[in-house]
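Here is a report on one protein chain.

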Amino acid sequence: MSKGWRSSEVFAGPQNAGARALWKSMGYCDGDFGDRPVIGIANSWNTLVPGHFNLNMVSEQVKKGIHRAGGVAAEFGVIASCDGVCEGHRGMHFILPQREVIADSIELVAEAHHLDALVLVASCDKIVPGMLMAAARLDIPAIMITGGPTLGGVVFDGRKTDETSLHEALGMLTAGRITEEEFRSLENLCAPTCGSCSFFGTANTMCCLAEVLGMALPGSALVPAVYSERFRLACETGERICRMAREGLTARKILNGLSIENAVRATLAMSGSTNAVMHLAAIAAEAEAGVDVMDLFSRLGPETPQIVRVNPASKWNTEDFWMAGGIPRMLKRMLPLLQKDALTCTGRTVEENVSGYVFPFPENDEVMKSLEAPFSPRGGIAVLRGNLAPDTGVTKPGAIDPSLHVFTGEARVFDSEDDANAAILAGKIQAGNVVVIRYEGPKGGPGMREMYRAMKYLYGMGLNKSTALVTDGRFSGTNNGCFVGHISPEAAEGGPLAIVRDGDKITIDVIEGTLHLHVSDGGIRERFASWEKPAPKVTRGHLALYSRLASSAAKGAVVRAE
């Protein structure tokens, strides 16, 4: 084995006969220990997560490509949980912290076994960013192939459905707007195939951003999970990683300030999930890219038009986005705004990738427009600051009705998501209220749960255009209505959200980028004089560790030992 490979320290020479014998016990051959790169396949397949249900088939195609290109495939498992299954109960506390565990576990396996390169196989919310964080940390050749989105379900309420439609339907059922039979039928028809959710939530946002960042092959992000093209791309991915290993094309040559800026631009242009802001901050930190992601969103937002509109911002789903040209067509239209010389996993630049791309389907200007005639002149994500969010808060104007871009209302304060959900379903929230949900941040939650159900219940009860929600927790990418999350500092760390009272007036101004509590500075100080930091909710296990070590959402909610 060539001494140029990291793996030669494990397998080359008489002194490593024991390691070779151990691999031979699994069926590896003498030819696998020649001058070949050992390619690790980090596969997050399981039967817990619909978006990962097909990943074993994807991985088999990756192996075929690796073998074809002269590499040695070595597969290992990575944990993954489903946000949709874990929403609205204690399980959601454990979702965001898994991102750190995923990154750590890939680092540990890759370093322990001296893998020469990695193929990252994932699809969903925290798994994709966790794997990209690991690649940035390791700085070895790495490429990602995702499992693809599911197809949309039966049409309901004017669009193809997905599993989140059930929570909107529950609000409608509670309000007497649909029957129990309609509700039961929807359960069987809203999610017809495996794959990541068909709406443009965090999962599909991050799969798209993996492609924008240059870490996945052009055109690979949005091919549906059940289409054969998904498996052909997996084979091509396996071939490409072997070439990347021989070229010495490592992760940080791709993940850097240029690609991070492109990813911010893309998130704005397609109104991606608000969670992408936090994940990009975490990836940039691992890559030591030297960029302030929150500042990039603030600076680039007003000058980056929104040119893509997908559910929850419209009736169109991710399959429609793919057929409209997907990420390659979006990037081609955005080239004047992009760092077009950013290097990608193909060995070519962003501009070179899109200039030669062949689009299999015609344009659809109801899904994707041009820079000259966009859906909105401003980006679909906004970072807010103000006396209620001294560091930052994050909102999604691309999914907010324009009539709510400036909203003032009276606070209704809840110290947990569970209490807020109960109040909404009990009819205790009225038009003009700002629902405040606090102590749900990275440390206070702990784990920064998504306030997904609260927004869905407001929608289902017809309050999504007359109320707002403000929280130090997160939101699902499928949420719409007027909302601000990721409030930093969080309430548990003494952020101003901790002293808001029922009846206080709050103004959300998406256009000016402000979040204001109508209480004087002196009044805020007076309230803090009697505020006591709450005791940790969890004192053992991983959540206790995360609660102690997690940074603020403004810094990516990453674990830092220092």
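Helix α17 spans residues 417–425, and its buried residues are Glu417, Ala420, Asn421, Ala423 and Ile424. Viewed down the axis of α17, these buried residues fall within an arc of 165°, so they line one face of the helix. What covers them? The cover on the buried residues of α17 includes strand β9 (406–414), strand β10 (433–437) and helix α18 (452–460). After α17 comes Gly427, with a positive phi near 80°. This is a predicted model.

**A contact across the sequence**

Leu258 belongs to helix α11, residues 257–270. Which residues does Leu258 touch beyond its neighbours within four places in sequence? Its contacts there are Gln339 and Ala342. Ala342 is 84 residues away from Leu258 along the chain, yet their C-alpha atoms are separated by 5.8 Å.

**Backbone features**

Most residues other than glycine have a negative phi, and most peptide bonds are trans. The table lists departures from both patterns.

| Site | Backbone feature | Location |
|---|---|---|
| Gly445 to Pro446 | cis peptide bond, omega near -15° | Pro446: loop between β10 and α18 |
| Ser488 to Pro489 | cis peptide bond, omega near -5° | Pro489: loop between β12 (482–488) and β13 (505–509) |
| Asp139 | positive phi of about 55° | loop between α6 (127–138) and β4 (142–146) |
| Ser271 | positive phi of about 50° | loop between α11 and α12 (275–286) |

Two of these sites tie back to elements already described.

Asp139 and Ser271 are not glycines, yet each has a positive phi. Which of the classes buried, partly exposed or exposed does each fall into? Asp139 has a relative accessible area of 29%, so it is partly exposed. Ser271 has a relative accessible area of 3%; that is under the 20% cut-off, so Ser271 is buried.

**The whole protein**

How many helices and strands does the protein have? Its secondary structure comes to 20 helices and 14 strands. Along the principal axes, the C-alpha atoms fill a box of roughly 75 × 55 × 50 Å. The radius of gyration is 23 Å. A compact globule of 562 residues would have a radius near 24 Å, so the value for the protein agrees with that expectation.

Among contacts with a separation of 6 or more, 75% join residues 24 or more positions apart. The pairing of Leu258 with Ala342, 84 residues apart, is one of these.

The protein exposes about 20,200 Å². Carbon and sulfur atoms supply 52% of that area.

Conventions: Residues numbered from 1 in each chain as written. Predicted model: local features only at pLDDT ≥ 70, side-chain atom pairs only at ≥ 80, totals over all residues. Heavy atoms only, no water. Helix = DSSP H or I, 4+ residues; strand = E, 2+ residues; numbered from the N terminus. Rg over C-alpha atoms; globule rule 2.2 N^0.38 Å. Contact = heavy atoms within 4.5 Å. Areas by Shrake-Rupley, 256 points an atom, 1.4 Å probe, with all protein chains shown as cover. Buried < 20%, exposed > 50% of the residue type's maximum accessible area, 1.4 Å probe, protein only. Arc of directions from axis to C-beta.
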